[in-house]
Amino acid sequence: MLPVASLLILVPLIFAVVTFFTKTKDQAAGLAFLGSVVTLGLTLYAYLNFDSSTATMQFFDSIEWIPLLGANYSVGIDGISMPLILLNAIVIPFLILYSWKEDREAPNRFYGLILTMQAAVIGVFVALDFLVFYIFWELTLIPLFFMVNIWGGEKRAHASYKFFIYTHVASLIMLLGIFGLFYASWQQTGVPTFDIRELVAQFQFFESGLLRDAIFLSIIFGFLAKLPTFPFHSWLPDAYTEAPTAGSVLFILLKIGGYGLFRISLPMLSNTGNPKFMITMLGLLGAFSIVYGALVALRQKDLKRMIAYSSLSHMGYVLLGSAGLVALSISGAMFQQFSHGLIMSILFMSAGVIQSNTGTRIINNLGGLAKTMPKLTVVMMLGFMASLGLPGLTGFIAEFLVLAFSYANLPGFVLLALLTIVITAGYHLWAMQRAMFGVYNEKLGDVRDINPLQVFSMGVIALLVLYFGLNPSPVLNMMITNSEAIASLASLATALGV
Amino acid sequence: MENLMFLAPEIVVAATGLIILLIGIFMSPRTKNVLGYLATLGVLAALVLTTQSFGTETTMFSGTVSIDALSQFFKLVFLAVSLIVSVASIKYNENSDHTEEFYSLVLFATLGMMVVASSNDFILLFCAFELASFATYALAGFEKQNPRSLEGAMKYFVVGAVSSALMLFGISFVYGATGTTSITMIAENASLLAENPIGLVAVVLLIAGFGFKMALVPFHMWAPDTYQGSPSVVSSLLAAGSKKMGFVAAFRVFLIALAALQPDWQLAFTILAVVTMTFGNVVAVSQTSVKRMLAYSSLAQAGYIAMAFVVMTPMALTGGIFYTLAHAFMKGGAFIAAAAVVWMITTQRTGDLEVPDHLDSFRGLGKRMPLVALCMTIFVFALAGIPPTAGFMAKFVLFSSAIQAGMTWLAVIAVLNSALSLFYYARLVRYMYFLPPEGKKINLPFPYSAAILLSTAGVLAMGLWPEPFLQWAMEAAKVLI
């Protein structure tokens, strides 16, 4: 058996380093593509050898690192992390193909950063030690910062700093929570350890309810700001919009906030001093993000900014499903992360093509693009339909699971989210109608359609959206196995008091 | 007869300094380059000898010199800094007529710091402190034609002289109350100090005296001007080395000798630490001279290390001691990188010659000097505490110890400061990588690249494999408790 978990970090990282030293664009893109394909191969290997019927850690690997602090380099993959690794491994090669024909400065750094990002994100997903987890968590900041700051749009400096400092502060507060957890458990057991599962298990034995609440809140704050959710989202529209297309897609693939919820926060939730309050808070934030994101998306003039806000709205489902706290609503939240990654990749790629081929992203300046960009229109239409939740596509399954199964615990918030579906459908269709259909805007002149590489890369992702929409079980099964484990970890029903 | 083997590192450093001073007289400026290599060799030998005596615990010369884990750890810090500075100075002193003076001063300063680390007696401590101080006064003003260098040296000297006086005054009060200058004996007679109001006066004077070297606000006034005006290699020695001398002295004096007065000085250090880190970071944000910015960031870092005096748990002291070594590599390396840029600007005559370390000089450095830009990025990210670097590990241990001790508010202040610092570090990175270069690619001279790579290796080694360093730091912390 290959040590896949470690290789999934190492391979992209090594390819990234080599890519930094390439001279031409074709070399850089080719090498990066090779690296991402090898990573995809490894991921498929892991996926095929993966046992969906158990919630235990697979491909587990551990090396002693700092015995003094009880920190080990330990990695492993389970049903929470496998789909997200799969998502990253699938999208990155197509992202590289998509951007192959674009002209840009310093392509070696551009592609090197994409691979670094991949390594860092996968690192977060496989880490089973808080110190390793935090290191990769922080490492994800650096490629994204450079991505926005070097190749971003007009206000890139502002956007990149805002993103960097905003989420860095959130991570530091999370770090304080980790310290609290570490020392409280050290005091409890007399042995220092940074093992995530051990610390999460120790959490319930801390005597002070205040301490447990403080730890829980400071850790979840890091996750919520990264997710992001209302009201910690203000970095999102700027960063997503100013980033180059590849950067926006990397942001979309950065599913570490939601992952943290499932891995760390939810198992702790029922043991906090006041679980009912925490659940209400999370549900409220989730529902609010759904409504707020949709309403703000409705009035956006810029297509990319609209997509950014719709992303905020979708991430609300992750939070709402988590707060629902039954196995299937949590699975829905996990599936939303997976589905959202695929759908939003298509949407951002579409917006990127429109920007580069027509020179504008302002929806009202477009119009009738279906005439000159038929291929794009087909793919983009599928993406928009998936995003608004059309049955048969992945978005529907995720949102259906979240709404149907969170209802038991959080009926009010679910109703709020249900009402928003109308708005969601509205802004998607309205934007599509104004930009792609209707009378062709002659001011745009002669517009090229997407190139064959882009057809291929966006088409494959679109087909995957369709495939997983019709047959979600390849990833949903393992999610359900793990959500059941999370839901049964403590007697949640009693904690809920419902 | 004392076993002089324990003092072998000091003897080697002193002998190398004297030999360089002596043979330099007979050499022409062109052959004097050899002296740099000689100094490097001497420091390297001392470094190896120091690691040999790890784990011994003994006192020498009627208890005035103490060889223990704490002293050896700090000697390692000083020698590491001295090594980096000596290597980088080979280029700085190229074709200079004063090479031998420069190196012997560097070595004597190092010697002073090393003796301070071992001092177990106030008189020895003071003498060694002065040895290191005088050598660095002269080094700060080494560029005699450069008014900024002279201004920095003058300020450093005047403030330094006053603070030495304060320190001596404090020592005299301690002696007056207890009748001894031995740190061990003072600790035994601590009740005499604790009951006497003179004890409080002594604490205030000693904090002022050491605070000057540690550059804690409000005793920091000299630091920005001196760090900016001095030759960059000397700034590296001052910020990375001589500052730590203040810390090791303060560790011994406050935690061992004056342990009975803990409530008094702990309160003082609480205020100093918080004010220093906040002031340093806030002021650093608006700096346009990189060396000045590094100077203020150095204040902030001193504020973090001073947290060890506030929290006072074994974990905190381990963190503080570990931090001094990490800071030596990060800050030492950053100043050497600045030295390389200053060298580039002055030899190319392209940028602002008045302020060669201006932020604008760093424009497009990623293209002009890729190695310097990359390593500088690592240094500033390490200073900001981004993993996987030494700075992250150091902050990790130190800040977490505050949480352990229940001082969450202090950890929160430190963490917020750390986040703020990212702003000005990231700006430097932006200048190096995102702005277009103003000039062609430059070949970096070997001494600079060697020194920079050495520091980078230190920063990364401590970040990726911190276990042995933490172990040493923990041994050192045990001496204090």
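What follows is a chat about a predicted model with chains A and B.

Me: Let's start with chain B. What's its secondary structure?
Reply: Chain B comes to 20 helices and two strands.

Me: And how does its radius of gyration sit against a compact globule?
Reply: The two agree: a compact globule of 481 residues would be near 23 Å, and chain B has 21 Å. Along the principal axes, the C-alpha atoms of chain B fill a box of roughly 65 × 55 × 40 Å.

Me: How many of its residues count as buried?
Reply: 64% of the 481 residues of chain B. As for contacts, take those in chain B between residues at least 6 apart in sequence: 79% of them join residues at least 24 apart.

Me: Switching to helix packing. At what angle do α15 and α21 of chain A pack?
Reply: About 135°, with the axes of α15 (residues 327-358) and α21 (residues 473-489) 8 Å apart. That's why α15(A) and α21(A) count as oblique to each other. Their crossing is right-handed.

Me: Which residues make that contact?
Reply: From α15(A) there are Ala327(A), Ile330(A), Ser331(A), Met334(A), Phe335(A) and Phe338(A). The α21(A) side includes Val475(A), Leu476(A), Met479(A) and Glu484(A). Taken by class, the contact has 11 nonpolar, two polar and one charged residues.

Me: Now a pair in chain B: how do α13 and α14 cross?
Reply: At roughly 175°, and the axes of α13 (residues 290-311) and α14 (residues 314-348) come within 9 Å. So α13(B) and α14(B) are roughly antiparallel to each other.

Me: Which residues meet there?
Reply: Among them are Leu294(B), Tyr304(B), Ile305(B) and Val311(B) in α13(B), and Leu317(B), Tyr323(B), His327(B) and Phe335(B) in α14(B). The residues of this contact divide into 13 nonpolar, six polar and two charged.

Me: Back to chain A. How many residues of α11 are buried?
Reply: Nine of the nine, so α11 (residues 245-253) of chain A is largely enclosed by the rest of the structure. Gly247(A), Leu250(A) and Phe251(A) are among those buried residues.

Me: What covers them?
Reply: The cover includes α3 (82-98), α4 (107-126), α6 (141-151), α10 (235-242), α14 (303-324) and α15 of chain A.

Me: Let's do single residues. Where does Val65(B) lie?
Reply: In strand β2 (residues 65-67) of chain B. Val65(B) counts as buried because it has 20 C-beta neighbours inside 10 Å.

Me: What's Val65(B) in contact with, leaving aside its neighbours within four places in sequence?
Reply: Thr59(B), Met60(B), Ser118(B), Asn120(B) and Leu124(B). The C-alpha atoms of Val65(B) and Asp121(B) are separated by 7.3 Å, though the two are 56 residues apart along the chain.

Me: And where is Phe456(A) found?
Reply: In helix α20 (residues 452-470) of chain A. Phe456(A) counts as partly exposed, with 14 C-beta neighbours inside 10 Å. Phe456(A) and Leu97(A) are 8.5 Å apart, C-alpha to C-alpha, and 359 residues apart in sequence.

Me: What's the phi of Ala106(A)?
Reply: Positive, about 45°, although Ala106(A) is not a glycine. Ala106(A) is in the loop between α3 and α4 of chain A.

Me: And Ala215(B), buried or exposed?
Reply: Buried, with 28 other C-beta atoms within 10 Å. Ala215(B) has a positive phi of about 55° and is in the loop between α9 (197-214) and α10 (222-229) of chain B. Ala106(A), on the other hand, counts as partly exposed, with 17 C-beta neighbours inside 10 Å.

Methods. Residues numbered from 1 in each chain as written. Chains lettered and ligands numbered in written order. Predicted model: local features only at pLDDT ≥ 70, side-chain atom pairs only at ≥ 80, totals over all residues. Axes fitted to C-alpha atoms, helices over the stretch in contact; angles between N-to-C directions. Helix = DSSP H or I, 4+ residues; strand = E, 2+ residues; numbered from the N terminus. Parallel < 35°, antiparallel > 145°, perpendicular 65-115°, else oblique. Left-handed = near helix turned anticlockwise from the far one by under 90°. Contact = placed C-beta atoms within 7 Å. Nonpolar A, V, L, I, M, F, W, Y, C, P; charged D, E, K, R; others polar. Rg over C-alpha atoms; globule rule 2.2 N^0.38 Å. Buried ≥ 20, exposed ≤ 12 C-beta atoms within 10 Å, placed from the backbone.
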